[in-house]
Amino acid sequence: MTGTVVDTAHWNARLAELIAEYDVPGASLAFWHGGEVHSFAAGVLNRDTGTPVSIDSLFQIGSVSKVWTATQLMLLAEQGRLTLDTPVVDLLPEFKVADAEVTKSVTVRQLLTHTSGIDGDLFLDTGRGDDCLEKYVAACADLTQNHPIGESFSYCNTGFVIAGRIIERLTGKTWDAALREQICEPLGLTHTWTLPEDVLRFSAATGHVEDGKATPVWGLPRAMGPAGLICARASDVVAFGRAHLGTELLAEPTGMTEPQVDLPNPYTLAPQWGIGWILDEWSGHRVIMHAGNTIGQSAMLWVVPDTGTVVCLLANGGETSALQRAVGGELFATLAGITMSPQLGPPQTPVEVDVEQYAGIYERVGNRTTVSVRDGRLHMLIQTTGELADISPDVELTLTPVDETTFVGQREGATLWDNVVFYRLADGSQYLHMGVRATPRTS
């Protein structure tokens with residue numbers, strides 16, 4: 001990292017300016033630079049109470065938790081308790097999904113790289129007991145395939161719950177307890193917790209939904225813990241990221257950052273995935289990262305290994321993706337002279353595409369997307385189904401082609417663009433890829 005001195009007054013003011021610009025109630029920012037952690041906070045934890053965010057406030061880090069779960073399994077792998085290519089059923093004999101071949105052959109690696117094909121946005125509440133993951137895995141028996149095993153990439157929350165259950169089986173502890181023993185205690189993380197009764201002992205953020213109001217629910221069911229229920233202050237997340245630059249946790253942390261799969265849609269987050277980590281390159285620098293979203297909260301962790309830069313940004317509503325790009329863009333340019341990858345937008349010259357070929361209904365667990373043609377352009381109606389339907393409003397997009405298979409659309413009032421890639425598997429089956437998920441065409 002460069003020797004740039006951190007202007008703390010600037011970043012205190014700038015964070016406050018940017019959350020106002022993007023209608024974010026509150027945010028917490030921490031980054032490692034010059035041999036120390038720098039922490040900043042702005043806004044409120046809850047618009048109903050007006051309680052200010054502090055640098056020690058806990059936010060829900062959502063799917064950034066997946067990197068922690070992957071790290072737990074890698075620690076067990078270094079102890080010889082499993083390998084990445086161990087079939088899941090060898091570790092959990094009771095594991096079962098609808099496809100018998102997948103039940104028999106799916107591996108730990110495929111869970112951690114989202115290539116299992118298990119249709120895995122099952123947000124199932126199996127209670128608050130210590131057996132919630134055990135019950136969740138039992139409920140996976142009827143899950144069908146989103147795509148054939150190993151033939152595509154589709155973000156799979158269920159895969160990480162199953163991974164969490166493997167951790168429980170091998171450690172003899174709940175996932176929450178194993179997390180503390182394997183990661184939190186060795187790193188001295190005092191402000192990292194999973195259960196609401198623990199989080200309540202601290203200053204904790206409340207999520208805010210699209211109308212700007214505090215969410216009526218705390219978060220996702222306990223069973224989703226390994227996929228996304230860690231709550232932490234930003235500096236604790238930075239400490240976790242820094243541990244992957246050395247051997248504080250893993251003897252070989254680079255094993256998690258080797259590319260495992262190319263994404264059908266490289267524009268949403270990045271073009272490749274490792275073991276838990278998302279992989280990108282900015283200005284010739286390798287970047288490892290992960291994003292997270294819960295109900296009204298978001299998180300982002302970026303690590304640039306060759307400069308030692310580690311940045312965490314936590315927020316509780318508003319245009320959080322735009323805030324992440326604004327903060328990250330300025331911060332990396334200032335501290336390390338790095339430019340983030342540009343966002344995909346409409347082409348300068350219009351592209352002619354036969355859009356009729358993509359019209360149809362695309363469905364997976366938790367989602368139904370209707371693609372139609374209106375006035376010669378593709379229109380998408382995206383509807384959440386299942387457990388989260390009541391708190392997730394429909395989304396409508398009119399799409400502009402970038403090339404024959406890639407389209408972009410902008411939500412009303414949004415700053416950034418959504419992107420969609422249509423593609424086919426080797427057997428000819430048609431899919432759309434959006435939000436790092438593959439959704440098959442069903443009619």
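## Antiparallel sheet

Strands S12, S13, S14 and S15 form an open four-stranded sheet in the order S12-S13-S14-S15, with antiparallel pairing. Strands are DSSP runs of E, at least two residues long, numbered from the N terminus, and two of them pair if DSSP finds at least two bridges between them. From one strand to the next, the twist averages 15 degrees, where axes are lines fitted to C-alpha atoms and angles run from 0 to 180 degrees between N-to-C directions.

Four bridges join S14 (residues 377-384) to S15 in the antiparallel sense. Ile 382 stands opposite Val 395 in S15.

## Basis of the model

The model is predicted: local features need pLDDT of at least 70, side-chain atom pairs count only at pLDDT 80 or more, and totals for chains, interfaces and linings use all residues. Residues are numbered from 1 along each chain as its sequence is written, and side-chain values use heavy atoms, leaving out hydrogens and water.

## Cysteines

A search of the whole structure finds zero disulfides, a disulfide being a pair of cysteine sulfur atoms within 2.5 Å. For Cys 132, the nearest cysteine sulfur is that of Cys 140, 13 Å away.

Cys 132 is buried, with a relative accessible area of 2%. Cys 231 is likewise buried, at 2%. Buried denotes under 20% relative accessible area (1.4 Å probe, protein chains only), exposed over 50%, and partly exposed in between.
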